[in-house]
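My notes follow in the order in which I checked things.

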Amino acid sequence: MSLNERMVQDIVQEVMAKMQLQSEVSGNHGVFSDMNEAIEASKKTQKIVGQMSMDQREQIISNIRKKTKEHAEMLARMGVEETGMGNVGHKILKHQLVAEKTPGTEDITTTAWSGDRGLTLVEMGPFGVIGAITPCTNPSETVLCNTIGMLAGGNTVVFNPHPAAIKTSIYAVNLINEASLEVGGPDNIAVTVEHPTMETSNIMMKHKDIHLIAATGGPGVVTAVLSSGKRGIGAGAGNPPALVDETADIRKAAEDIVNGCTFDNNLPCIAEKEIVAVNSIADELLHYMVQEQGCYMISKEEQDALTAVVLQNGRLNRKCVGRDAKTLLGMIGIVVPNNIRCIVFEGEKEHPLIAEELMMPILGLVRAKDFDDAVEKAVWLEHGNRHSAHIHSKNVDNITKYAKAMDTAILVKNGPSYAALGFGGEGYCTFTIASRTGEGLTSASTFTKRRRCVMTDSLCIR
Ligand code: NAD
């Protein structure tokens, strides 16, 4: 085949893929032009959901899981194409994780006391219609994960997604409603507006029928939600340090840190954003990162050039967020082979490429004179977000000291950060980590309210 024929074939394939994408996104269950109408529709559906048995809710959730798996590749491709961020293969894994490990109705439990004076139950009841604000970094993952948990709790949900990921978010909302309709459930389990804006977000936050708001995103949105006068679940920003001490398996630490940092091009809020290493093992760690883990060490001049591109007038350049290392290096004129997956350098903790939450595979290493100095530096770098921190150490006293000092919702020990999401680690998955408001890794029970139900002097049958 000549080069020209191959080029034509490539173009035809690309056009066909785009056409398929367009046609598959044409369904519009749960999509409204007006936020008030979206909330009204959600309210009607919640009345139906509120009457459903747990088994019926679970049937819909099972079908959402099934369809998420079937459409994982499409959702991953759409997310990358629409936002320009992330890695298709990793996003497929993230969708599979949502489908398999997001808790459903089994998370809704009852506490009971029975005795001489009767029976008392505390049950987890629905809030009703929940408002949810979602990020562009994990758009469909968050829509699907939030809906599974919220529906398991007996709620419906109104999304105001990030405008930069609206097509992908709409695709997920449509999929959820198709899943419900296919098993005899109602439409509008999840709804959204076609054109989300700050105004639609404000309408949602102030609406009398929304009693709980779950915000997943940066500091701005969490502050806005917590100022709304409503109950808010705030899943905000992080800047997770990975601390490595002299007792760690240094070679494995290098592998775990680079694997975690480069997952989906560093988009997850839990991903390693910088390293703090004690002096005695810092060189060995960098050696393994560069020699075995596909890291590219940049010089002082290259750091300055990269800083100028990544942070323009102190603001994060969105064109760099979620890009791979090769692309980022290309932006400053450095050509590297395909096996380069991470950019590394050594610097002070105040270096802008270290102190800022960048969400791209750039790992600055801060050297510490000893463990206590490393902890102090890591605490400073996390900026009080109390979101995520990671450590590589075999010394339980050191691990305990670090855990107490960091005080974060997530702490991964001796593994890549994504182990915290149940990927290569135990436990369930979520893409809404309520660091700021303290619920931690959200699940169905987070989206319920506690209701006490008391029967006096009867129904105790002991
Ligand atoms: P972002 O803050 O730009 O946007 C998140 C959402 O909030 C979007 O829907 C956006 O439209 C909306 N928004 C932003 N400012 C708002 C305001 N003042 N009022 C109302 N709505 C507002 O974040 P992003 O770039 O989409 O995502 C990346 C950020 O989110 C990072 O800081 C990351 O750490 C954080 N994040 C946190 C979690 C978590 O679970 N804690 C998960 C994913 C992302």
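The model is predicted.

Entry 1, location. Which space does the ligand take? I found that the space it takes is the largest pocket. I noted a volume of about 1200 Å³ for this pocket. Its lining has 46 residues, and those closest to the pocket centre are Gly-217, Gly-218, Pro-219, Val-221 and Arg-318. By class I recorded 21 nonpolar, 20 polar and five charged residues in the lining.

Entry 2, ligand shell. I listed 31 residues around the ligand, the closest being Thr-134, Cys-136, Gly-236, Glu-357 and Ile-433. The shell divides into 15 nonpolar, 14 polar and two charged residues.

Which elements each supply at least two residues of the shell? I wrote down β4 (129-134), β5 (156-161), α8 (198-206) and α9 (219-226). For the lining of the largest pocket, I have β4, β5, α8 and α9, together with β13 (315-316), each supplying at least two residues.

I looked up N and O pairs with the cut-off at 3.5 Å. A polar backbone atom of Ile-433 is 2.6 Å from an oxygen atom of the ligand. For Thr-134, a polar backbone atom is 2.7 Å from a ligand oxygen. With Arg-318 the side chain takes part: one of its N or O atoms is 2.8 Å from an oxygen atom of the ligand. I then checked cover: the ligand has 830 Å² of accessible area on its own, and the protein covers 88% of this.

The largest cavity has a volume of about 40 Å³. Its lining consists of Asn-138, Pro-268, Cys-269, Ile-270, Leu-421, Phe-431 and Ile-433. I classed six of these as nonpolar, one as polar and none as charged.

Conventions
Residues are numbered from 1 along each chain as its sequence is written. This is a predicted model: local features need pLDDT of at least 70, side-chain atom pairs count only at pLDDT 80 or more; totals for chains, interfaces and linings use all residues. Side-chain values use heavy atoms; hydrogens and water are left out. A residue is near a molecule or strand if one of its heavy atoms lies within 4 Å of it. A polar contact is a pair of N or O atoms within 3.5 Å; within protein, one must be able to donate a hydrogen and the other to accept it, and residues adjacent in sequence count only if both atoms are side-chain atoms. Accessible areas come from the Shrake-Rupley method with a 1.4 Å probe; for residues, only the protein chains shown count as cover. On a 1 Å grid over the protein atoms alone, a cavity is a set of points where a 1.4 Å probe fits but cannot get out, and a pocket is an open set with protein on both sides within 12 Å along at least five of seven lines; lining residues have an atom within 4 Å of a point. A molecule sits in a cavity or pocket if more than half of its atoms lie within 2 Å of its grid points. Helices (H or I, at least four residues) and strands (E, at least two) are DSSP runs, numbered from the N terminus. Ala, Val, Leu, Ile, Met, Phe, Trp, Tyr, Cys and Pro count as nonpolar, Asp, Glu, Lys and Arg as charged, and the others, Gly among them, as polar. Grid points are joined across faces, edges and corners, and a volume is the space filled by probe spheres set on the points.
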